Amino acid sequence: MTSDKLLGGQTLLTTLLYGLVSLLLFNSFGLVFTCAMLLIVLFKLAIYRSLVQGPSEKLVNLLALTVILVVFVAIGFSNLVEMFVSLLLGACALKTIQAKTKKQAMSVQLLNFFVYPCFFIFSQNVLSLLFVLVLLVVNLAQMLWIEHGIALRSAMRQASRHLLLALPLAAIMVVLLPKVSPFWQLPGANKTQTGLSEDIDPFEISELSRSDELVFRAILPDNAQMKPPFYWRTLVHDNYDGTRWRVSAHHDLPLQAPYRAVGENYTVIARASGKTWLYSLGQAKSSTRGVNTNQFGTLFMQKRLSSSMEYQVTPIHTIGPGLVNWQYQLNTALPDSINPLATALATQWDAKTNNTAEFIQQMKLYFVQNSFHYSLKPPVISDRNSIDRFLTETREGFCGHYAASAAFMLRAAGIPARLVSGYLGGEYNAERGYYSVYQYDAHAWVEYYVPQQGWYRLDPTAWVAPDRLSGSLSELTALEDEFKDNLGLSLMSYSNLALVNWVRLQIEQLDYQWTRWVLNFDQQKQSRLLRDLFGHYHKLLPGLSVFLLLIAIFVARFWYLQRKQVVRLPEAVRLHHAICRLAEGELHKITPAQALQVLQSQYPNLSQELAEFNQYFVKSRFSQAQLTKSEATRMKALGRLIIKKAKK
Amino acid sequence: MNKTTQDIISQLSELILGKEEQIRLAVVCLLCKGHLLIEDLPGMGKTTLSHGLANVLGLSYQRVQFTSDLLPADITGSSVFNTSQQSFDFHPGPIFSQVLLADEINRASPKTQSALLEAMEERQVTMDGKTHPLPEPFFVIATQNPLHQSGTHPLPESQLDRFFLRISLGYPDEHAEKSLILGNNLQRQSLNELTCVLDLNALATLQQAVLDVNLSDSVVQYIINLVNFTRYSGQFSDPLSPRASIALGLATRAYALTQSRDYALPDDVQAVFAAVAGHRLNISANELNDVVKGIFDNVAVVL
């Protein structure tokens, strides 16, 4: 195989890796760009197989223009991060098509040290870390191959060794260097994945798509107060228009009412969501900077959550003056003349009962007696009177159906009620004592208001599927098959196999440690760790490490300069090398006389100058007699003249 | 000084046409006080070259045709009883001459070969407990038939190493051959009429001048790299010895001198490398060019 072919193989590998990366980021880039990337990969493959010619410069420019257009149209300026990353990826992929020389191939490989870590913008879990590490090792190995022609296997070994060598240094830098908050930050990548939504209309959904993506982890204190079921409040929907339950405009207004803290603090480590809302049990306040409490008592952030974040939560209880008039109206508002049956039921129960508790008892009786059942694949109801049809005809649905119906009937009876969406339960890791909450734990329930007392939680789903309260959805045996159908291909779907489940839990635990101790290793944790390690000298350490680093850089620079001087070639030889580079082949490896012949045949008009230069060069390198000063000057002048003329 | 070497070469070139490079190498060998091995088919001018060389240099010349029944004493000489003085007199053999042509050395038995080679190394012959020094200068030109010919005893590697250079004359080119056929070169009969251009003193001066040729660090490094390549590349079963490195350095200097330079170039190393290393690496003459080119391609010239 020629070196061209091998170089082609290396760049093909890089192109294939780009293809893989864009496939993995399909959710962020969308169909059009991913297809464009795959087309580029196919094109490169065809070139490698010599099915088509390598593209001309014109064609490459045309392709580049197309990629830019595709990115602008398909991704657009609204998703700035995706746009820039996809532009980078596309540009690099085109560069691999164009690369023909060693130098060009090398520049692509160098760029990869920037391209591959961009993966972290989209996903920061431990699997992504491993993936990016593997990519970097492959990249290093490719560089070793291209530069030194080391065979793939030993290149991989060397590259892994280099990476391992770098690890302790990285660890020291993470632990010792002072943590400074970043001067600027990338806007987080938007996520268009499954999860909570600001609008809820359960009756339009025929199949609840659920994913086993991690949403957050929580470390709860071990006391009587913190017992399941865990209702993680996230969004409060109090704006009902007859079909949808929307989050009201007041969702990000800070809490004004006075409150008191109730119970112990706990910690939540939230995964990047691209959204502003956060998760807490009941009403909460947080001491972490940037985390605010809104008037519903749920937590939110000013900026979108673009990277993993750890925050402290204090459970609170608001002591308010009660609902003011507009709030009362908002929470009892119903459009006119929809769902007459449900309204009739509600009025009937309202007449029968004296207080809200009894009303709810009536409602529970209704759901339990009329054989409603829980399902993740309910039939679609696209009727105006959807709740009526649900109550009388279909009678199957998931949390959203029950919550929406109950909230409707509460409002119909004049009781203020709102929908709350969030997560229910969580998988407990007994070894480390934390809860993991996944997207499939998403849940919706109802809050109703009792005058002079406040808001109470009501989960009508529990009447129909009481098991749902006890743990995570994944542990619900009755729905196992249905649940797994919805998950698609993932480790979770095989969790009944002991080994698979064990592996899944190990990865999950590793990810927890990674998130806790690396991603969220902040100033506070750093100083705590340093205090534990070094006692009360720890405050000096970050400063000292910077100082030592500066000294190390200083020493290294001197050492490097000195070393460089030793290897520094004499000027005559450097000039000779420069002239040798004018012609093809490795002329500096043959004798000066032979090189002279080749050069003279290529540059006949310079043959006299070349011969004269050679004469001085040979004299300076091989003869005992040194060049005189004028001869040395003449040689330098000749060298420069030759290079200048030859390049014309 | 430069003129004398040029003279030698041009004189001999009139005798053997179109072989200036080989003649130059033979002169290099002489200047380095080394022994020369010429490997060729019969009729290529081996004998003519050696005889001519002796005549041009004004040295005494003996020729021994090696055969399978040649005994050591036939070369070194023997002691004969002198009846008039009642003692053994040493009758020196043909080896006691300044230039010895050992023709077809590989036809002789190994015993005879080693007797000659021992004398070459020691530059003396010991007979009946008496040591007889060989004349100064002492220069052996051995010729050898290619080994595939029948009835030959190949020289062992250790003995091949004693020869400073190995050259092969090869076929003349068309132009030279035409001149040969037309008899435009000096005839064998006129060999003795070759002008003697050198006396013993002049030869000694020339041999001393070789040592004054400047061998720059980079050329020495180039020689070391070449030798190391034969040792560590794993391509050669008989890598070059330090003796070979010394020979390379010396031959390079002498070659530079024949080019009338007082400093050596990497080109000089390349010019003598095949002759110095070929027989030591145990490479046959017809493969030599390719192998040497391979080595030059792999070892970069040090500038």
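A:Arg271 counts as buried, at 10% relative accessibility, where buried means under 20% relative accessible area, exposed over 50% and partly exposed in between, computed with a 1.4 Å probe on protein chains only. This is a predicted model, in which local features need pLDDT of at least 70 and side-chain atom pairs count only at pLDDT 80 or more, while totals for chains, interfaces and linings use all residues. Residues are numbered from 1 along each chain as its sequence is written, chains are lettered from A and ligands numbered from 1 in the order in which they are written, and side-chain values use heavy atoms, with hydrogens and water left out.

The side chain of A:Arg271 meets that of A:Asp511 in a salt bridge with an N to O distance of 2.7 Å, the term standing for a side-chain nitrogen of Lys or Arg within 4 Å of a carboxyl oxygen of Asp or Glu. The pair links distant parts of the chain, 240 residues apart, with A:Arg271 in the loop between β6 (266-270) and β7 (280-281) of chain A and A:Asp511 in helix α17 (residues 498-519) of chain A; helices (H or I, at least four residues) and strands (E, at least two) are DSSP runs numbered from the N terminus. A:Asp511 is also buried, with a relative accessible area of 6%.

## Further salt bridges

A:Arg504 forms a salt bridge with A:Glu427, the closest N and O atoms being 2.6 Å apart. This pair likewise links distant parts of the chain, since A:Arg504 lies in helix α17 of chain A and A:Glu427 in strand β15 (residues 427-429) of chain A, 77 residues apart. Both A:Arg504 and A:Glu427 are buried.

In the salt bridge between A:Glu571 and A:Lys636, the closest N and O atoms are 3.6 Å apart. A:Glu571 belongs to helix α20 (residues 571-580) of chain A and A:Lys636 to helix α23 (residues 629-647) of chain A, so the pair ties together parts that are 65 residues apart in sequence. A:Glu571 is partly exposed at 39% relative accessibility, and A:Lys636 is partly exposed at 29%. Salt bridges that share partners join A:Arg217, A:Arg271, A:Glu508 and A:Asp511 into one network, and a search of the whole structure finds 21 salt bridges over all chains.

## Strands in both chains

Strand β14 (residues 417-424) of chain A is mostly covered, eight of its eight residues being buried. β14(A) runs antiparallel to strand β3 (residues 231-240) of chain A, to which six bridges join it, and antiparallel to strand β17 (residues 442-450) of chain A, to which seven bridges join it; two strands pair if DSSP finds at least two bridges between them. A:Val236 has A:Val420 in β14(A) as its bridge partner, while A:Ser421 stands opposite A:Ala444 in β17(A).

In chain B, five strands form an open sheet in the order β2-β5-β8-β1-β9, with parallel pairing. The edge strands are β2 (61-65) and β9 (163-167) of chain B, each of which pairs on one side only.

## Nonpolar cores

The largest nonpolar core has 100 residues, of which B:Leu36, B:Leu165 and B:Phe273 touch the most other members; such a core is a set of buried Ala, Val, Leu, Ile, Met, Phe, Trp, Tyr and Cys residues joined through side-chain atoms within 4.5 Å. A second, separate core of 43 residues includes A:Phe408, A:Leu410, A:Ala444 and A:Leu458.

## Where the chains meet

The contact, meaning heavy atoms within 4.5 Å, takes 15 residues from chain B and 16 residues from chain A. The area buried between chain B and chain A is about 1200 Å², of which carbon and sulfur atoms give 62%, buried area being the accessible area (1.4 Å probe) that two parts lose on being put together, summed over both. In chain B, the residues that lose the most area to chain A are B:Tyr263, B:Asp267 and B:Leu303, together 46% of what that side buries. Across this interface of chain B and chain A the rule finds zero salt bridges.

## Backbone details

A cis peptide bond, with omega of about -10 degrees, joins B:Glu136 and B:Pro137. A:Asn339 has a positive phi of about 45 degrees although it is not a glycine, and A:Asn339 counts as buried at 0% relative accessibility.
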